[in-house]
Amino acid sequence: MAHNTVEKTSVTLLGLGAMGTALARTWLSAGHPVTVWNRTPARAAALAAQGARVADGAAEAVAANTLVVVCLLDDASVGEVLAGADLTDRDLVNLTTSTPAEARARAEWARERGARYLDGGIMAVPPMIGVPEAGGYVFYSGSRKLFERHRETLGVPAGTTYVGRDAGFAALHDVALLSAMYGMFAGAAHAFALIRKEDIDPVSLAPLLADWLVAMAPAVHQTADQLRSGDYTKGVVSGLAMQVAGTPTFLSTAEQQGVSPELLSPYFELMRRRLAEGSGEEDLTGVIDLLVR
């Protein structure tokens, strides 16, 4: 009788924080042999019970497998942990949060040590790992060949999105999306602050706020189209002049509600500056040019 004996890629994982542990568990559950290492050995105990091999040191873990995934605290930790490891002919996938410049420097650092390099930016929190319906994914940048070689294995914990040969692009995409997220959180914070002292249940406002944000989200496509074409008046519904004229209402409302305008004022100031040097028929896209130094 024929049996399906397709061998799963072996993985070395350095770093067993919440994210690293979630990654390791998912690979183990999918049948991948996993070697793990962590500065605090106790964190590896549960994974060992699930079948992971626990290395005594980072160098031993790196030597165990060609595919080495790093998920540590920061870029400095990567250098420290791998300082004594032989990276020759290793496929190093760095999922440690870093800046684009750090990722590019780390790619060169890895190349000088004989490793192939792929950088990653995780767009998920630990509970989303191994749960396809949760929608989590990882940006990858660097060697396209390396990405294709390990695409299937890397896709086990979360979806994969390759964003370019420049090793810094995964980190840049990661920070770009998270920056927009924090902008959204800031707007939501201001909205809830406005009703905080009123007889309005925040639970009743939440679905209205969520639906409104979802309705406004497609505006990013128009912004992108305007940036590409250079025509900031293309498809405009509410011109910059009209929107600037409305900002005093938002600031006055905040004052009347006893709410600090500090989350809104910087953006409104950029809108006024753009209006002073641009066209009132533009969209808000011109504000982006003011941000770029």
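Asp89 is partly exposed, because its relative accessible area is 44%, and partly exposed covers the range between buried (under 20% relative accessible area) and exposed (over 50%), found with a 1.4 Å probe on protein chains only. The model is predicted, so local features need pLDDT of at least 70 and side-chain atom pairs count only at pLDDT 80 or more, while totals for chains, interfaces and linings use all residues. Residues are numbered from 1 along each chain as its sequence is written, and side-chain values use heavy atoms, with hydrogens and water left out.

Asp89 sits in the loop between helix 4 (75-82) and strand 5 (91-94). Here helices (H or I, at least four residues) and strands (E, at least two) are DSSP runs, numbered from the N terminus. The phi angle of Asp89 is near 65°, a positive value in a residue other than glycine. Most residues other than glycine have a negative phi. Asp89 also belongs to a network of salt bridges that links it with Asp91, Arg116 and Arg149. A salt bridge is a side-chain nitrogen of Lys or Arg within 4 Å of a carboxyl oxygen of Asp or Glu.

The structure holds 14 salt bridges. In one of them, the side chains of Arg39 and Glu80 meet at 3.3 Å, N to O. This pair links distant parts of the chain, for Arg39 is in the loop between strand 2 and helix 2 (45-49) and Glu80 is in helix 4, 41 residues apart. Both Arg39 and Glu80 are exposed.

Glu108 and Arg111 meet at 2.6 Å, N to O, and both belong to helix 5 (residues 100-112), 3 residues apart, about one turn of the helix. Glu108 is partly exposed because its relative accessible area is 33%, whereas Arg111 is exposed because its value is 53%. Arg144 and Glu148 form a salt bridge of 3.0 Å, N to O, and both lie in helix 6 (residues 144-154), 4 residues apart, about one turn of the helix. Arg144, with a relative accessible area of 40%, is partly exposed, and Glu148 counts as partly exposed at 36%.

Asp283 is placed in the loop between helix 11 and helix 12. Its side chain makes a polar contact with the side chain of Gln222 at 2.8 Å. A polar contact is a pair of N or O atoms within 3.5 Å; within protein, one must be able to donate a hydrogen and the other to accept it, and residues adjacent in sequence count only if both atoms are side-chain atoms.

The open spaces come next. On a 1 Å grid over the protein atoms alone, a pocket is an open set of points with protein on both sides within 12 Å along at least five of seven lines, a cavity is a set where a 1.4 Å probe fits but cannot get out, and lining residues have an atom within 4 Å of a point. Grid points are joined across faces, edges and corners, and a volume is the space filled by probe spheres set on the points.

The largest pocket has a volume of about 2,300 Å³. Its lining consists of 46 residues, of which Gly183, Met184, Met216, Tyr267 and Leu284 lie nearest its centre. Helix 7 gives the most to this lining, with 14 residues. By class, the lining has 32 nonpolar, 13 polar and 1 charged residues. In this scheme Ala, Val, Leu, Ile, Met, Phe, Trp, Tyr, Cys and Pro count as nonpolar, Asp, Glu, Lys and Arg as charged, and the others, Gly among them, as polar.

The second largest pocket holds about 420 Å³ of space. It is lined by 25 residues, and Cys71, Leu72, Leu73, Thr96 and Thr97 lie nearest its centre. Strand 6 supplies the largest share of this lining, 4 residues. The classes here are 10 nonpolar, 11 polar and 4 charged residues.

The count comes to 1 cavity of 30 Å³ or more. The largest cavity has a volume of about 30 Å³, and its lining has 9 nonpolar, no polar and no charged residues. Among the lining residues are Leu23, Trp27 and Tyr140.
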